[in-house]
Structures are given as C-alpha cells and as structure tokens.
Amino acid sequence: MTTGYFPKREKVGLEDLFKGLVIASHILHYHGVLDAYGHISVRSPDNAKTFWMPCNIAPALVSSPDDLVEYNVEDATAVERDAKKGYLERHIHSEIYKRFPNVNAVVHSHCPEVLPYCISGVPLKASIHMAGFLGSSVPVWDASSHYASGSKHDLLVRDSQLGASLSAAFKPATSTGFIYSKFRSALPAQIGGSQEPDKEPNYAVVLMQGHGFTTHAHGIEEAVYQAIYTKQAAQAQTTALTIQNAHSGHTLEGKIDVEGGGKIKSAKVKAEGNLKYLSDNEAHDAWESNQGTVLRAWALWCREVEVHPLYKNDCPVCEDE
Ligand SMILES: [Zn+2]
C-alpha cells in the first residue's frame, strides 16, 4: 500500500478509493473546476502500474464503481477488455503517472477562470496564501509543436506523445523560483514529504495553451485542494489586475512631433504600480502551513456534495477494521 489516499493516510482499500474518486468528481464540479468536461484519476493502491478514472461521463453524474475504469499506466489502455468507453484525454494521466512514480492523483480542468492565463501571456503566480503551491511561475505548455504526424490538431491530449510532452513540462531541464520538488523533500513524510526529489515534478500545476490546466498530488484530497485553489488564485489575480488597471490606468510618456502631424515619438507605456505576489519564501511557507489543513476543507467539501440533490454516490462504504 502507498500513503496519501482517501480517506485513510496509510492504508486504503479499493472501496474507499472508489468512493473517494466519485466524491472528488462531485466536489470539483460543485466548485466549478470541472463542468461536463475534465476529470480526476487516482493510481491503484495495490498496483502502481494501473490507475482508475471515470468512464466517458460528466463528472457530476459519476455515481458508482461501475462508472470507473482501470487503465494501464504504460499506454492508457483499459485493463478489462469490455471496459466502458473512456475519456480521450486519459493520456494526460497515464503519462504523468509514468514519469512521476510518487504522483498518485491527477486533475485536468478547462476551468474558465484559469483560461485567460492559458491564452494571454500574462503569467499566473501565487498571489494568495492558499495557493502557495503555484510558486512564482506556472509553466504554459503548448501542444502546437508536439502533435504526432497525421494526428488531429485539436489541442486534445489524445495520444501518449502529447501526454509525454505535457508531463515533461512539470519538470523542465531548467526551473526557476519556487521548486515544488525541493519543497516536497523538506516536508515530513506524514504530510506528503518525499525522500526522492528527483522523482517529484518541479511544478504543481501546468497551464495548457488555449485549453486549461493540469495538477497532480500524492493523494486525492490534495489534488482537489490544488485544483480548487488554482481557480481561486486565477480569480483573485484577474480581479486585482482589473481593478488596478481601472484605478491607476496607464501613463503614456513620449514626445509629440508637431511638424509630423502630432504623432507621438518614442512613446513608452508606464504601468502604475504592480500586483503584490507572494515571494518564493512566502509561497513555500504558506503551502507548508496549509498542507496540514487540507482534510478540514475536504470534510466540508464532502458534506456540500453529500446534501446536494444533483450528486449520487452509490459506492459501498468500507467498514473500518
Ligand atoms: Zn482537456
């Protein structure tokens, strides 16, 4: 058994895992991280070479173990021949599990609050303490130069070549600023610390050009936390940029060429003020402090979807030993 699964930290059976995966799908929908699209997966506790994720169904409608499919990490094929049809983009999950043996849960989202940072060139950074895991830079991966020849150029990660390219963006040859893997190696093992920083991704989140984002974690709860607070960080940053621009505007500095018809020469746009982002130190310490509180949020999120009539969870409850 591996640590870091729902709901027990050290040991978890498949029944618990299935219930957790269904709840996580509901939570991510409830919080607007997933809509009819996007998905969460979890590595099998007994076999690191397979993982589980919902079949091709809207996350809010996943309701029982029958909706879940086990896939091989090696090539994202279903373990069972008669498995239900799966998501095209399961290669995102398989290639991350393949590259990073310590990763046990992956979320992929097309969240609208995050999308502006996937198309504008404005970098998403940790601006709020709940999203320290973002650090001072979040890579943007662009599928356009990684399509297999003859494949569709529809931005979907529909094969292992694209999936491998995306997973490589989590640990590029050179990384700057807050490095997730270094941070991981400094944490106590009980809350997800890793003794193998070489096997940890350097980034917790990678944005996908014109598409969305993907995040990974050691367990389901943490992956859900990161997905929700990536959305909230993007919301806060966008709102702050908007009100700052409305309040301060921009000053144009330059010389007016009267003889040339009043054209402005050597103009320079000067932005008034800058957003205050978390320093690498603050991002590190904020994430370290929040690590121990993820289960408090998880308990609230579970209750929210439990009492909401949209979400059905028919997974059997595992009896405690
Ligand atoms: Zn997608």
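The donor residues of the zinc ion follow the sequence spacing E-x18-H-x1-H-x100-H. Donors are N, O and S atoms within 2.8 Å of the metal (3.2 Å for Na, K and Ca); water is not among the atoms, so sites may look incomplete. The model is predicted: local features need pLDDT of at least 70, side-chain atom pairs count only at pLDDT 80 or more, and totals for chains, interfaces and linings use all residues. Residues are numbered from 1 along each chain as its sequence is written, and side-chain values use heavy atoms, without hydrogens and water.

Glu89 (OE), His108 (NE2), His110 (NE2) and His211 (NE2) coordinate the zinc ion at 2.0 to 2.1 Å. The angles among the four donor atoms run from 98 to 134°, and the site is tetrahedral. Four donors count as tetrahedral if all angles lie between 85 and 135 degrees. Glu89 sits in the loop between β3 and α2, and His211 in the loop between β6 and β7, so the pair ties together parts that are 122 residues apart in sequence. Helices (H or I, at least four residues) and strands (E, at least two) are DSSP runs, numbered from the N terminus. Glu89 is buried, at 4% relative accessible area. His211 is also buried, at 9%. Buried means under 20% relative accessible area, exposed over 50%, and partly exposed in between (1.4 Å probe, protein chains only).

Seven strands form an open sheet of mixed pairing, in the order β3-β2-β1-β4-β7-β6-β5. Two strands pair if DSSP finds at least two bridges between them. The edge strands, β3 (68-72) and β5 (140-141), each pair on one side only. Helix α2 (residues 90-99) packs on this sheet and touches β1 (39-43), β2, β3, β4 (105-109), β6 (205-208) and β7 (212-217). Contact means heavy atoms within 4.5 Å.

Five of the five residues of β1 are buried, so this strand is largely enclosed by the rest of the structure. His39, Ser41 and Arg43 point one way from β1, and Ile40 and Val42 the other way. Strand β1 pairs antiparallel with β4 over four bridges. Val42 stands opposite Ala105 in β4. Strands β1 and β2 are antiparallel over two bridges and form a hairpin with six residues between them. Arg43 has Phe51 of β2 as its bridge partner. Strand β2 (residues 50-54) runs antiparallel to β3, joined by five bridges. Thr50 stands opposite Asn72 in β3.

Asp285 lies in helix α6 (residues 280-291). Asp285 is partly exposed, at 41% relative accessible area. Asp285 and Gly132 are 153 residues apart in sequence, with 7.7 Å between their C-alpha atoms.

Definitions and conventions: Axes fitted to C-alpha atoms, helices over the stretch in contact; angles between N-to-C directions. Tetrahedral: all angles 85-135°; square planar, octahedral: opposite > 155°, others 65-115°.
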